Amino acid sequence: MEFSSSIRELLKARVPGIVVVTLEEERVRSILQAVADERKQPFVIWEIASGFRSTSPNHGLVVKGEDPLEAIKALEAIEKPPLVLLQDFHENWHHPVIKRRLRSLVQRLKYTSGSLVFTVPEASVPLELSNSLVVTELDLPDVTELDRVLRMLENAPGLNLKTTKEERNRLLQAALGLTSEQALRVFAKSIVNDGKLDVDDLDVIAEEKRAIIG
């Protein structure tokens, strides 16, 4: 099942804790924001460098701190928890107090519409939390998502990107197997020499792809 559909199903089922194995935090943020908008639910992001931030008004979280324990306390105090993306939290969830508070918070969220989503680089969850969290993996982007990456480049000044639908699809197919950021770098590198991206760059894309993933 496509990742965005899987997330929708998990949230619809009121799964209170979801761990997403990925290095592509930006893609996860984008998908969760879209899902939250559909659900008309506040969406909040926490990261260790800046604490809570949100594009959603009235989400109820006023804590500015970067301390993970303070983040949990703030979430505990909200009557109607939002959809929360916790980045970098895996760096702290082995701490006994944080682990205990987090387990209790996840149990309480079962009876609300709130959910915690954690992004982690690898599937390593503390044993005590393994029964409370659902672990899923962000699939590599498909052609549709890679096309969005390519459209980002189309707005770059001086870029000549004139391809037929078939040629564009060949470029996107050539980039399958890369993450969004890897594809962006490969497309950008293909443009460097002559300021354009077309089917003549297929060999460059293939070579760069082999260098990345072997």
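Trainee: What volume does the second largest pocket have?

Mentor: The second largest pocket has a volume of about 220 Å³. Of the 13 residues lining the second largest pocket, Thr-22, Leu-23, Glu-24, Leu-140 and Thr-179 are the closest to its centre. A pocket is found on a 1 Å grid over the protein atoms alone: it is an open set of points where a 1.4 Å probe fits, with protein on both sides within 12 Å along at least five of seven lines, and lining residues have an atom within 4 Å of a point. Grid points are joined across faces, edges and corners, and the volume is the space filled by probe spheres set on the points. Before we go on, this is a predicted model: local features need pLDDT of at least 70, side-chain atom pairs count only at pLDDT 80 or more, and totals for chains, interfaces and linings use all residues. Residues are numbered from 1 along each chain as its sequence is written, and side-chain values use heavy atoms, with hydrogens and water left out.

Trainee: Which element gives the largest share of the lining of the second largest pocket?

Mentor: That's α7, with three residues. Helices (H or I, at least four residues) and strands (E, at least two) are DSSP runs, numbered from the N terminus. By class, the lining of the second largest pocket has five nonpolar, three polar and five charged residues. Here Ala, Val, Leu, Ile, Met, Phe, Trp, Tyr, Cys and Pro count as nonpolar, Asp, Glu, Lys and Arg as charged, and the others, Gly among them, as polar.

Trainee: And how much space lies in the largest pocket?

Mentor: About 600 Å³. The largest pocket is lined by 23 residues, and Arg-27, Ser-30, Glu-145, Arg-148 and Ser-180 lie nearest its centre. At least two lining residues come from each of α1 (3-12), α2 (25-39), α5 and α7 (180-192). Sorted by class, the lining of the largest pocket holds nine nonpolar, four polar and ten charged residues.

Trainee: Let's zoom in on one residue. Is Asp-147 buried or exposed?

Mentor: Buried means under 20% relative accessible area, exposed over 50%, and partly exposed in between (1.4 Å probe, protein chains only). Asp-147 has 14% relative accessibility, so this residue counts as buried. You'll find Asp-147 in helix α5, residues 143-154.

Trainee: What is Asp-147 in contact with, leaving aside its neighbours within four places in sequence?

Mentor: Contact means heavy atoms within 4.5 Å. With those neighbours left aside, Asp-147 is in contact with Arg-168 and Leu-172. The side chains of Asp-147 and Arg-168 are also joined by a polar contact of 2.6 Å. A polar contact is a pair of N or O atoms within 3.5 Å; within protein, one must be able to donate a hydrogen and the other to accept it, and residues adjacent in sequence count only if both atoms are side-chain atoms.

Trainee: Which residues are buried in helix α3?

Mentor: In α3, residues 68-76, the buried ones are Pro-68, Leu-69, Ala-71, Ile-72, Ala-74 and Leu-75. They pack against β2 (43-47), β3 (51-54), β4 (83-87), α4 (96-109) and β5 (115-120). At the start of α3, look for a side-chain oxygen of Asp-67, within 2.7 Å of the backbone nitrogen of Leu-69.

Trainee: How many bridges join β2 to β3?

Mentor: Two strands pair if DSSP finds at least two bridges between them. Four bridges join β2 to β3, and these strands run antiparallel. They form a hairpin with three residues between them. One partner to look up is Arg-53 in β3, the bridge partner of Ile-45.

Trainee: What about backbone angles?

Mentor: Most residues other than glycine have a negative phi. Arg-14 has a positive phi, near 60°, and sits in the loop between α1 and β1 (17-21). Asp-88, in the loop between β4 and α4, also has a positive phi, near 70°. Arg-14 is partly exposed, because its relative accessible area is 46%. Asp-88 counts as partly exposed too, at 22% relative accessibility.

Trainee: Stepping back, how many helices and strands are there in the protein chain?

Mentor: There are eight helices and six strands. Of the 214 residues of the chain, 45% count as buried.
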